[in-house]
Amino acid sequence: MTTLPNCPTCGSAYTYEDRGLFVCPECGNEWNESVAAQEEEGLVVKDSNGNLLQEGDSVTVIKDLKVKGASNPIKQGTKVKNIRLVEGDHNIDCKVDGFGPMKLKSEFVKKN
Ligand SMILES: [Zn+2]
């Protein structure tokens, strides 16, 4: 028997599994098991000011960031909503308006 994790976004216990993804019926969040595992490990991601970032936070980019394959950089001051924390060099997984899904380094953002 598998124990389903609570929703990392809203904390709901009414989650279910669907094709390898966990789904929360209350806020519509979908996430995969590796994200849930990182939650339990207590992944620590800090912004440029040393503030702890959390899943779902909104941040602002503090410098122009070059994007592979894009003709324009992500501009300083760009606001990014609903970030996800991941392990690695680029430890923020997010969607940037005009660019799509993107991974950023937490040292180049600040919490809003
Ligand atoms: Zn939820």
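Because the model is predicted, local features are reported for pLDDT of at least 70 and side-chain atom pairs count only at pLDDT 80 or more, whereas totals for chains, interfaces and linings use all residues. Residues are numbered from 1 along each chain as its sequence is written, and side-chain values use heavy atoms, with hydrogens and water left out.

The protein chain contains one helix and nine strands, where helices (H or I, at least four residues) and strands (E, at least two) are DSSP runs numbered from the N terminus. Along the sequence these elements follow the pattern β-β-β-α-β-β-β-β-β-β, and the C-alpha atoms fill a box of roughly 45 × 30 × 25 Å along the principal axes. Of the 112 residues in the protein chain, 32% are buried; buried means under 20% relative accessible area, exposed means over 50%, and partly exposed lies in between, with a 1.4 Å probe and protein chains only. Among the contacts (heavy atoms within 4.5 Å) with a separation of 6 or more, 41% are between residues 24 or more positions apart. The accessible surface of the protein chain comes to about 7,300 Å², and 45% of this surface belongs to carbon and sulfur atoms; the areas come from the Shrake-Rupley method with a 1.4 Å probe, and for residues only the protein chains shown count as cover.

The protein chain carries 14 positive and 17 negative side chains, and the centres of these two sets lie 11 Å apart. In this count Lys and Arg are positive and Asp and Glu are negative, while His and the chain ends are not counted; the place of a charge is taken as NZ of Lys, CZ of Arg, CG of Asp or CD of Glu. A search of the whole structure finds three salt bridges, each defined as a side-chain nitrogen of Lys or Arg within 4 Å of a carboxyl oxygen of Asp or Glu. One of them joins the side chains of Arg19 and Asp18, at 2.9 Å from N to O; Arg19 is exposed, with a relative accessible area of 78%, and Asp18 is partly exposed at 30%. Another salt bridge is formed by Lys105 and Asp89, whose closest N and O atoms are 3.7 Å apart. This pair links distant parts of the chain, with Lys105 in the loop between β8 and β9 and Asp89 in the loop between β6 and β7, 16 residues apart. Lys105 is partly exposed at 21% relative accessible area, whereas Asp89 is exposed at 54%.

The side chains of Asp57 and Lys111 also meet in a salt bridge, at 3.4 Å from N to O. Here too distant parts of the chain are linked, since Asp57 lies in the loop between α1 and β4 and Lys111 in strand β9, 54 residues apart. Asp57 counts as buried because its relative accessibility is 14%, whereas Lys111, at 32%, counts as partly exposed. Leaving aside neighbours within four places in sequence, Lys111 is in contact with Asp47, Leu52, Leu53, Asp57, Ser58 and Val59.

Thr60 lies in strand β4, residues 59-61, and is buried because its relative accessibility is 9%. Not counting residues up to four places away in sequence, Thr60 touches several residues, including Gly77, Thr78, Phe108 and Asn112. The side chain of Thr60 makes a polar contact with the side chain of Asn112 at 2.4 Å; a polar contact is a pair of N or O atoms within 3.5 Å, of which, within protein, one must be able to donate a hydrogen and the other to accept it, and residues adjacent in sequence count only if both atoms are side-chain atoms.
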